[in-house]
Amino acid sequence: MAERQDKAALISETRRRFEAEYLADKSEKYDSRDVERLQQDDTWVENYLIWRHDVVDDTLKMIDESLQWRKEYTVNDLTESVLPKWLFENGSLFLHGYDKEGYKLFWFRVKHHTRDPKQQLEKKKLVAFWLEHYAKRDHGKPLTVVFDMAETGISHIDLDFVRFIVNCFTDYYPNFLIFSAKIVIFEMPWIMNAAFKIVKGWLGPEAISMLKFTNKSDVQEYISGEYLPPHMGGTDSFKYSYPPLVDDDFQTPLCENGPITSEDEHESKEEIDADTKESGELSEEQNLNQKKMNSIEQISKSEETDKTEIKPKNAKKALTTFKGPLLHISPAEELYFGSKETGEKKCLIVLTNVTKNVVAFKVRTTAPEKYRVKPSNSSCEPGTSLDIIVSLHGGFAASLQDRFLIMAAEMDQSSGAGVPELTQFWKEVPRTKVMEHRLRCHVIESSKPSSLTLKENAFNIPAKTNEDLHIQLTRLLQINKRLQEQIDRCLWFQQLSVVLSLLSVTVVAFCFYLAYTQRS
């Protein structure tokens with residue numbers, strides 16, 4: 001708690017000093033949108049402080065340089081439409097895949113880059129476009145940079161461009177290289193050793209420690225084969241092409257007017273039927289869970305102690321909330337699944353509609369063959385909350401690379417909420433009106449002693465009891481929170497009623513008093 005308060009004080013001091021020392025007569029140097037964000041986004045300021053070891057003077061210099069750079073390159077206004085199409089078609093820079101720690105990979109295919117002073121500014125803006133695109137989409141989570149230097153030579157050396165990329169990470173997007181991110185350099189030719197000695201001079205000690213020089217035999221220490229192309233010893237069949245813009249996170253990418261038409265073909269009849277029968281299925285599941293809850297009461301105290309050691313962390317995480325303009329989403333960032341040993345295969349997502357209209361939502365995943373989401377396509381009434389159950393299929397295990405996308409948009413009051421109406425709605429809703437939020441998976445390693453498994457078998461307790469109990473607990477906590485809010489509202493109305501009653505009695509008494517005095 002004290003550490004958090006110290007950090008808040010540093011953030012406040014940084015903002016105060018920046019306003020006093022840098023904004024006084026130099027405000028035209030910055031984009032007003034960046035200045036506003038600096039005043040409102042604590043995480044953004046905190047990332048600068050972390051990278052500068054909480055030294056406010058150094059942090060202020062870094063923020064000053066960063067905001068000037070953002071205005072110079074018009075970062076807030078960089079879109080596909082303002083950059084030349086050939087830049088995207090070239091395929092030298094793109095986002096694709098994840099490393100073993102679940103960080104997104106930012107690829108620089110050096111062999112596709114040629115040194116040309118006339119094109120340098122546009123290529124630098126492409127780097128800024130990709131980094132800003134990722135920062136807005138994933139809230140600035142760390143990146144792993146991959147310099148793929150296979151089949152490169154002297155003609156591809158462009159120290160000015162490499163220095164620009166390095167500066168982007170060390171000066172302008174410091175959050176991308178904190179928390180154990182890496183810079184993976186694959187098969188650097190010996191002829192470039194001298195050039196990279198110069199590059200190292202531009203990096204601070206923290207960034208130098210992130211450099212990982214690899215080849216085909218050891219690159220999989222950092223990136224699994226499923227996200228490596230064949231020439232790097234992997235099995236990824238991904239081939240870069242443009243258009244559309246590469247977005248490999250989800251199998252149902254969005255076009256400018258909502259989901260692509262083929263998306264509906266990907267939804268199986270089983271999923272649609274399940275969504276229409278959702279209320280019935282949930283009732284049956286709740287009855288089944290109640291029976292299991294009754295059987296759990298027979299478990300010994302030692303087993304209950306073991307379970308409480310495992311569950312509270314999950315329950316706490318489930319209560320973190322992302323507060324979006326249409327929906328509040330809990331948990332905010334991660335879904336916690338167990339490993340194969342723990343057998344925890346279910347998670348709960350709670351959506352709360354904070355608007356005055358019905359909100360339609362959809363849930364998509366990068367691994368549809370592994371997960372069952374109920375409901376995955378439905379709507380939420382104004383001011384209400386709705387539970388979504390995410391469960392793993394039989395033999396599958398959750399992975400750090402798995403992602404979920406929650407899409408939401410307001411519906412007209414006259415629109416229906418059935419499957420046909422929702423399907424038509426998603427075809428017509430403009431992309432600009434769709435709220436998106438991404439969740440990643442977190443795998444909890446087993447801490448359960450082997451003796452517990454034997455006891456469970458002896459008592460004939462189903463393997464899913466732990467997960468169901470966790471879901472029930474999370475639901476109860478959410479219900480308790482809603483009830484508390486309702487009680488608070490009732491108490492407020494009660495107090496208001498008492499005040500109004502007293503006021504009415506006072507007015508009546510005063511009227512009687514006036515009438516009495518007039519008669520006298």
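**Close-up views of a predicted model**

View 1. Aspartate 402 is found in the loop that runs between strand E15 (385-392) and strand E16 (403-410), in a model that is predicted. With a relative accessibility of 6%, aspartate 402 counts as buried, because buried means under 20% relative accessible area. Its side chain makes a polar contact of 2.7 Å with the side chain of lysine 370, and the side chain of aspartate 402 also makes a polar contact, at 2.6 Å, with the side chain of tyrosine 371. When neighbours within four places in sequence are left aside, the residues in contact with aspartate 402 are Thr366, Ala367, Lys370, Tyr371, Ala397, Leu439, Arg440 and Cys441.

View 2. Arginine 15 and aspartate 42 meet through their side chains in a salt bridge, with an N to O distance of 2.6 Å. The two residues are 27 residues apart and link distant parts of the chain, arginine 15 belonging to helix H1 (residues 2-21) and aspartate 42 to helix H3 (residues 42-51). Arginine 15 counts as buried at 14% relative accessibility, whereas aspartate 42 is partly exposed, its relative accessible area being 40%.

**View 3. Helix H3 and its ends.** Helix H3 is mostly covered, with 7 of its 10 residues buried, namely Trp44, Val45, Glu46, Asn47, Tyr48, Leu49 and Trp51. The N-terminal end of H3 is capped by aspartate 41, which places a side-chain oxygen 3.1 Å from the backbone nitrogen of threonine 43. Just after H3, histidine 53 adopts a positive phi of about 55 degrees.

View 4. A salt bridge joins arginine 438 to glutamate 436, where the closest N and O atoms are 3.3 Å apart. Arginine 438 counts as buried, at 11% relative accessibility. The structure as a whole holds 21 salt bridges.

**View 5. The largest cavity and its lining.** The count comes to 8 cavities of 30 Å³ or more, and the largest cavity has a volume of about 120 Å³. Its lining is made up of 14 residues, of which Met149, His156, Ile157, Asp158 and Val162 are the closest to its centre. Helix H7 (159-172) and helix H8 (193-202) each supply at least two residues of the lining of this cavity, and H7 gives the largest share, 3 residues. By class, the lining of the largest cavity consists of 11 nonpolar, 2 polar and 1 charged residues.

Terms used. Residues are numbered from 1 along each chain as its sequence is written. This is a predicted model: local features need pLDDT of at least 70, side-chain atom pairs count only at pLDDT 80 or more; totals for chains, interfaces and linings use all residues. Side-chain values use heavy atoms; hydrogens and water are left out. Helices (H or I, at least four residues) and strands (E, at least two) are DSSP runs, numbered from the N terminus. Buried means under 20% relative accessible area, exposed over 50%, partly exposed in between (1.4 Å probe, protein chains only). A polar contact is a pair of N or O atoms within 3.5 Å; within protein, one must be able to donate a hydrogen and the other to accept it, and residues adjacent in sequence count only if both atoms are side-chain atoms. Contact means heavy atoms within 4.5 Å. A salt bridge is a side-chain nitrogen of Lys or Arg within 4 Å of a carboxyl oxygen of Asp or Glu. On a 1 Å grid over the protein atoms alone, a cavity is a set of points where a 1.4 Å probe fits but cannot get out, and a pocket is an open set with protein on both sides within 12 Å along at least five of seven lines; lining residues have an atom within 4 Å of a point. Grid points are joined across faces, edges and corners, and a volume is the space filled by probe spheres set on the points. Ala, Val, Leu, Ile, Met, Phe, Trp, Tyr, Cys and Pro count as nonpolar, Asp, Glu, Lys and Arg as charged, and the others, Gly among them, as polar.
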